[in-house]
Amino acid sequence: MVKERLALGMDKITEIIREANTDMPLDTYFRQVATFLEKTTRVYQKVNAGNYLERDVNELKEDNQSLYEDIRGENYESSFCNPDYARECLGEELASHLCFLAAEVRIAIPSAYEGQEEYLAIIYELFTLVYTLYRQGELTKKSLQQAIYWHASDYLDVFLADRLIAGATPESGIAFTVLKAYQKDDLRYLYGYGEYVGEEQLALATFINQLPEETITKMASVFTEGYRLGFVATGKDLSIKGTVSLRFVLGFERVIIKAIANFKEMGLKPVIQRAASSALLKQGMSKVGVYGGIVNKQFDYDHRFDQGLFFDKKYVQRKLEVMQTTFEHHGDLQRLLAGPAVIEVFGEEFTPLKKKESSLAYTKEQEELLQTYEMKAASIQNTYIPREERSFTIVAYPTPEIGPEFAEIFADVIKINTLDYQLYQKVQQSLIDALDTGEAVRIIGSGDNQTDLTVNLWKLKDPQRETIFENCVADVNIPVGEVFTSPVLAGTSGVLHVSQVYLNELQFENLKITLTDGMVTDYTCTNFDSESENRQYIKENILYNRETLPLGEFAIGTNTLAYAVARKYGIEDKFPILIAEKMGPHFALGDTCYSWSEEIPVYNPDGKEIVARDNACSLLRKEDVQKAYFNCHTDITIPYDEIGSLAVLRAEGEDVLLIKDGVFVYPGTEILNEPLMNKEV
């Protein structure tokens, strides 16, 4: 039945190309999108014929490039995936829906490579339905809305259910086909995913494939050992788990193969799935899973809120029902998941993004509905994969795009990721001992930095057995280097300012956030000429369309080597938050680091229990869980050279300086300054 539907769809696509032969805007639209779908058909047929990765590398490359050419570079300006171009050519009445459709049918690319015939049939049927409406003179905003809405609602039990199941099923999916085809001296395997393979992906894979075996072993070991230590540090039992979710960027296959072997020794089978491509499944611009090159970040930015086209109460209820039913039927599979292990990349050239009025956006009602959905979805997931039973680990490496010194930077990042955690553990304990004596911490910026923020601290009842800050070494968040706490919201007030920061794949210039009793009360930046655009940029991408968020974490990063390396190469703006958060004091807006697991005791290596796991927001879970959590956590770091002072404020006696004019001054922490003074770093 599916094969028949697919064959009919393919025939109809060919027919549309033939029929839509005028220069009328709608004919041009349908011809352009149908031509794209015809290309995916040809690739699907090649893949389905077998031995695809044995074809000539130039043919594989041509297939890959042809499927992405319409949104690459300048081509995007005349693509119907571009909201501005769609509005200009098609008019305001139909543009949003047809632009959405042009972007949504791109799920045909991964479907073609994975041989997902039902997915291809579904997307062809949606497109041909809309074309039929056009030919019958019935193409209106209302008819388009209905077609897209019912497509989204009806097929949640296919797309969402399949994704949830695949996300817990070990050793299945296209990635394992690719890994089996891996050969160190033959990059054809990269074209097996169906993800975009640009020059950067080829260069990264070539570089990693040429590294010494001991380097690969070290990279894989720090990755998998950090994962194991995450369970040990939190007292969680890894032996009750059976699978680990691996997420990485194309090019790291050699490391992943070694990591899989390490995980199997721990009793964990790998689960690998690609990042979602459908608006039904995507989370804004986030890439959760395996993904290739970012073809066009403006395209991703333009379509980050596409779900808003059909996001209403009925759709949300339907989505939650599918999620609940899927977990119920596959609960045993889900419970085996130990959590994600992630390799991220950084160093991409910064791309200024344009906020377009023509792009879809959530209404205020949809923003509130989205928050409700996220909370309920997290609650369902937590029921079947309890937070207190799972952990994670994340590590990051540069891509060749970072510049001509890529090889040297990569080597230095390996050093950063493999620092002696026992040394840092001892030094960080000195900081914690001082912090535990305080009522609050005051952070004041230097030079043009306008930070002046007082962070209120948890009050210890039994200092001999309790502590406020966690001594964080190289486990879940690699590299080593921070102490952190959940601040007391009441009394946490002031201004947080940073000259430049890169958050969630977006850059912010002169980001300034005002906090009153731990909650965001004002914010601005200088990315745009218009203040309203600056505020909207922050609201969408840091506050996630909320009116406010709490300060969920205050931390002091201690990885001065990372800071020195960043300065050595002039790549401070390239480091991801994973490393950047260790390069100075940082502040996280959103949930605490202990969200959903506050009741679980956590201890530092010295045996003291970390008692600052809650705040006034998370405590609301005892009354209404939907008011307690925000399902976001965004770290904002002030670099050392923008810190005038960081001092522990005591109720009695003199305040204690920890950092003065960008260097550590508290006894026992002097060793942290060595990378800052070493010109050879």
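These legends describe close-up views of a predicted model.

**View 1. A tilted ring pair joins two loops.**
The structure holds 38 aromatic pairs. One of them brings together Phe311 and Tyr362, with ring centres 6.0 Å apart. Their planes stand at 55 degrees, so the pair is tilted. Phe311 belongs to the loop between helix 14 (297-302) and helix 15 (313-329). Tyr362 belongs to the loop between strand 3 (337-346) and helix 17 (364-384). The pair therefore ties together parts that are 51 residues apart in sequence. Phe311 is buried, at 3% relative accessibility. Tyr362 is buried too, at 12%.

Phe327 has a relative accessible area of 2% and is buried. Tyr384, with 11%, is buried as well.

**View 2. Arginine ends sit over tyrosine rings.**
Arg304 places its charged end over the ring of Tyr301. The distance to the ring centre is 3.7 Å. Arg535 does likewise with Tyr523. Here the charged end is 4.3 Å from the centre of the ring.

**View 3. Phe30 takes part in an aromatic cluster and in the largest nonpolar core.**
Ring pairs link seven residues named here: Tyr29, Phe30, Phe80, Tyr85, Phe127, Tyr131 and Tyr134. In soluble globular proteins, nonpolar side chains tend to be buried together. The largest nonpolar core of this model has 222 residues. Among those with the most contacts inside this core are Tyr29, Phe30 and Phe127. Tyr397, Leu511, Phe575 and Leu658 are also in that group. Helix 7 (residues 117-135) gives the largest share of the core, 12 residues. Phe30 touches Ile16, Ala20, Phe127, Val130, Tyr131, Tyr134 and Leu139, leaving out residues up to four places away in sequence.

**View 4. Another core lies apart from the largest one.**

**View 5. The largest cavity has a volume of about 420 Å³.**
Rolling a probe the size of a water molecule over the atoms shows where empty space is left. The model has 5 cavities of 30 Å³ or more. The largest cavity is lined by 27 residues. Closest to its centre are Tyr68, Ser277, Lys287, Phe299 and Asp300. Helix 5 (92-104), helix 6 (108-114) and helix 14 each supply at least two residues of the lining.

**View 6. Asp300 is a buried residue of the cavity lining.**
Where does Asp300 lie? Its place is in helix 14. Is Asp300 buried or exposed? At 13% relative accessibility, Asp300 counts as buried, because buried means under 20%. Asp300 is in contact with Met285, Lys287 and Ile294, setting aside neighbours within four places in sequence. Lys287 is also among the residues closest to the centre of the largest cavity. Gln324 is 24 residues from Asp300 along the chain, and 29 Å separates their C-alpha atoms.

Terms used. Residues numbered from 1 in each chain as written. Predicted model: local features only at pLDDT ≥ 70, side-chain atom pairs only at ≥ 80, totals over all residues. Heavy atoms only, no water. Phe/Tyr/Trp six-rings, centres within 6.5 Å; stacked < 30°, edge-to-face > 60°. Helix = DSSP H or I, 4+ residues; strand = E, 2+ residues; numbered from the N terminus. Buried < 20%, exposed > 50% of the residue type's maximum accessible area, 1.4 Å probe, protein only. Lys NZ or Arg CZ within 6 Å of the ring centre and 35° of its normal. Core = buried A, V, L, I, M, F, W, Y, C linked by side-chain atoms within 4.5 Å. Contact = heavy atoms within 4.5 Å. 1 Å grid on protein atoms, 1.4 Å probe; cavity = no way out; pocket = protein on both sides within 12 Å on 5 of 7 lines; lining within 4 Å. Points joined across faces, edges and corners; volume = space filled by probe spheres on them.
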